[in-house]
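Work through the exercises below with the sequence and the 3D structure in view. Try each task before reading its solution.

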Amino acid sequence: MQNNFHGSQTAKAKLIIVGGGGHGAVVHEAATLSGHFSPVGVFCESTPHPSFQNVPRLAKEEEVAALLAKNEGVQFCIAVGDNCLRQELAQTWKARWNLPLATIVHPHAFVSPTAKVSAGAVVLARAHVGTFSEVGELCLVNTGASLDHDCKLELASSLAPGSFAGGNVTLGERTAVGLGASIRHGVSIGRDSVVGMAAAVTKDVESEVVVMGVPAKITKQRLRGEKYL
Ligand SMILES: CC(C)(COP(=O)(O)OP(=O)(O)OC[C@H]1O[C@@H](n2cnc3c(N)ncnc32)[C@H](O)[C@@H]1OP(=O)(O)O)[C@@H](O)C(=O)NCCC(=O)NCCS
């Protein structure tokens, strides 16, 4: 597989971070500490988090166009925690600017050399991506989250801080696993579902539901894009 997170330093890629809130600040820090990126702009509607103090704010299309006219090889990342919104923003930005999506891995994350981390994915500090696992496009493996061997995170799905997935776990597109939840080995969760904080998921979970508790039970149906954070 083609990961280069443990390898030699190459030239830093210029990076636009879309999202200037708390999660944006964490992604900014991970990108900078990785040594692979030089942030050149943060795109956000209101004043960005103080951690962006030396990064120019971009608020309008013309400002993005001006930056891209002066810089080559710019990549972008969507630093937004909500899975559905992250996917929508990525689609909008790809269609409008045709820039490559950056893959950001904090230097204190462990990514197995046999794992695959796709474009637009973010893997934060103390996260663990185990042997032969796949982190799909635009996925988020948050602080201290762990997926063991042969797991598969599909498009824009996420593991919140301190959550755990045993071996051979699959998360469907945009599915979110909440803070400190645990997913038993071999379990598959469908698309657009949410696992509540601290849940213990012992069996497969269908698409478009919220589950919570120990053991986790369905508490309600949900529609794609419904808020959960
Ligand atoms: C599961 C979740 C989606 C439910 O959200 P919701 O449907 O809006 O539910 P509410 O907050 O209205 O709570 C409804 C009830 O469930 C309880 N509840 C909420 N989350 C719970 C959980 N994870 N486990 C057990 N009970 C929970 C609430 O206390 C409340 O109980 P009450 O009716 O007795 O007062 C949400 O609580 C959650 O866990 N989101 C993920 C948060 C997260 O991980 N964020 C990551 C940040 S990086």
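**Exercise 1. In which order do the six strands of the open sheet with parallel pairing stand?**

Step 1. The order is S6-S9-S12-S15-S18-S21, and the pairing is parallel. Strands (E, at least two residues) and helices (H or I, at least four) are DSSP runs, numbered from the N terminus. Two strands pair if DSSP finds at least two bridges between them.

Step 2. At the edges stand strand S6 (110-111) and strand S21 (200-201); each has a single partner strand, so one side of each is left without a neighbour in the sheet.

Step 3. Opposite His 128 stands Ser 146 in S12.

Before going on, note the ground rules. The model is predicted: local features need pLDDT of at least 70, side-chain atom pairs count only at pLDDT 80 or more, and totals for chains, interfaces and linings use all residues. Residue numbers start from 1 along each chain as its sequence is written.

**Exercise 2. Which strands stand at the edges of the open sheet of eight strands?**

Step 1. Write down the order: S5-S8-S11-S14-S17-S20-S22-S23, with mixed pairing.

Step 2. The edge strands are S5 and strand S23 (217-221); each has a single partner strand, so one side of each lacks a neighbour in the sheet.

Step 3. S5 runs parallel to strand S8 (residues 122-123), and two bridges join them. Ile 104 is the residue opposite Val 122 in S8.

Step 4. Look at the loop between strand S22 (209-212) and S23, where Pro 215 has its place. The peptide bond from Val 214 to Pro 215 is cis, with omega near -5°.

**Exercise 3. Which residues have the most contacts inside the largest nonpolar core?**

Step 1. A nonpolar core is a set of buried Ala, Val, Leu, Ile, Met, Phe, Trp, Tyr and Cys residues joined through C-beta atoms within 7 Å.

Step 2. The largest such core has 65 residues, and those with the most contacts inside it are Cys 77, Val 123 and Val 141. At least three of the core residues come from each of domain 1 (13-102) and domain 2 (105-213); domain bounds come from an automatic or database domain assignment.

Step 3. Leaving aside neighbours within four places in sequence, the contacts of Cys 77 include Leu 15, Val 27, Leu 101, Ile 104 and Val 122. A contact here means that the C-beta atoms of two residues, placed from the backbone, lie within 7 Å.

Step 4. Leu 101 lies in the loop between H3 and strand S5 (104-105). Leu 101 counts as partly exposed because it has 18 C-beta neighbours inside 10 Å.

**Exercise 4. Is Ala 156 buried or exposed?**

Step 1. Ala 156 is found in the loop between strand S13 (152-153) and strand S14 (158-159). Its phi is positive, about 60°, although Ala 156 is not a glycine.

Step 2. Ala 156 has 28 C-beta neighbours inside 10 Å, so it counts as buried.

Step 3. For another positive phi, take Arg 126, with a value near 65°. Arg 126 sits in the loop between S8 and S9 and is partly exposed, with 15 other C-beta atoms within 10 Å.

How values were computed:
Buried ≥ 20, exposed ≤ 12 C-beta atoms within 10 Å, placed from the backbone.
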